Amino acid sequence: MSVPTHTKALDLAYIALMAALIALCAWISVPLGPVPFTMQTFGIFAALGLLGGRRGTLAFLSYLLLGIVGLPVFSGFSAGAGVLFGATGGYLLGYLAAALLFWGLTAKLGQTLPVMASAMVLGLVLCYAFGTFWFLTGGSGETLLGALTLCVFPYVLPDLGKIFLALVLVSRVKKHLAL
């Protein structure tokens, strides 16, 4: 059974819109040492919550590919594959892992608010793990505690707040969209 063309077009439009939202959120950036404070976490989890795991992951992949090919969508209006190999590249890969985890968990357990919240928090932990590992192996010269102090601890509460905002947005907006 094939999917109607208008449904495919609507999916593409939603995916593109969420990729643009992620880019916009990445541009809202405050430099705080090696890892800038951005609203990107909100954008990614809002996309996942609104579109679901498959389309939300495709939105993030679209965003990532746009940045890799040279569009300045990453934080600080940066672009290019080199960003992935920089000190914060592990966080971008971690967001991809978080999106895949969200997709898997919500596919198995359903798209209820508690499941989505749990998947988002677990995804954030996975993102921190990828990012911290990448930071440590990239020649930072930091200890694990030093890397966590620089790259994770200052961001935990703000990132949990962004997840909360994403969940509020999802609970208020999703029922009004033709998703």
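**Helix packing and two residues in a predicted model**

Colleague: Is the crossing in which α4 passes α5 left-handed or right-handed?
Modeller: In this predicted model, local features need pLDDT of at least 70 and side-chain atom pairs count only at pLDDT 80 or more, whereas totals for chains, interfaces and linings use all residues. Residues are numbered from 1 along each chain as its sequence is written, and side-chain values use heavy atoms, with hydrogens and water left out. A crossing is left-handed if the near helix is turned anticlockwise from the far one by less than a right angle, and right-handed if clockwise. Where α4 passes α5, the crossing is right-handed.

Colleague: How are α4 and α5 oriented to each other, roughly parallel or roughly antiparallel?
Modeller: The axes of α4 and α5 lie 7 Å apart, and the two helices (DSSP runs of H or I, at least four residues) pack at an angle of about 155°. Angles, which run from 0 to 180 degrees between N-to-C directions, count as roughly parallel under 35 degrees, roughly antiparallel over 145, roughly perpendicular from 65 to 115 and otherwise oblique. The orientation of α4 and α5 to each other is therefore roughly antiparallel.

Colleague: How many nonpolar residues are there in the contact of α4 with α5?
Modeller: Here Ala, Val, Leu, Ile, Met, Phe, Trp, Tyr, Cys and Pro count as nonpolar, Asp, Glu, Lys and Arg as charged, and the others, Gly among them, as polar. The contact of α4 with α5 has no charged residues and seven polar ones, and its nonpolar residues number 19.

Colleague: Which orientation do α5 and α6 have to each other?
Modeller: The axes of α5 and helix α6, which spans residues 144-151, come within 10 Å and cross at roughly 120°. α5 passes α6 in a right-handed crossing. The orientation of α5 and α6 to each other is therefore oblique.

Colleague: What is the separation of the C-alpha atoms of glycine 110 and leucine 51?
Modeller: Glycine 110 sits in the loop between α4 and α5. Along the chain, glycine 110 and leucine 51 are 59 residues apart, and their C-alpha atoms are separated by 13 Å.
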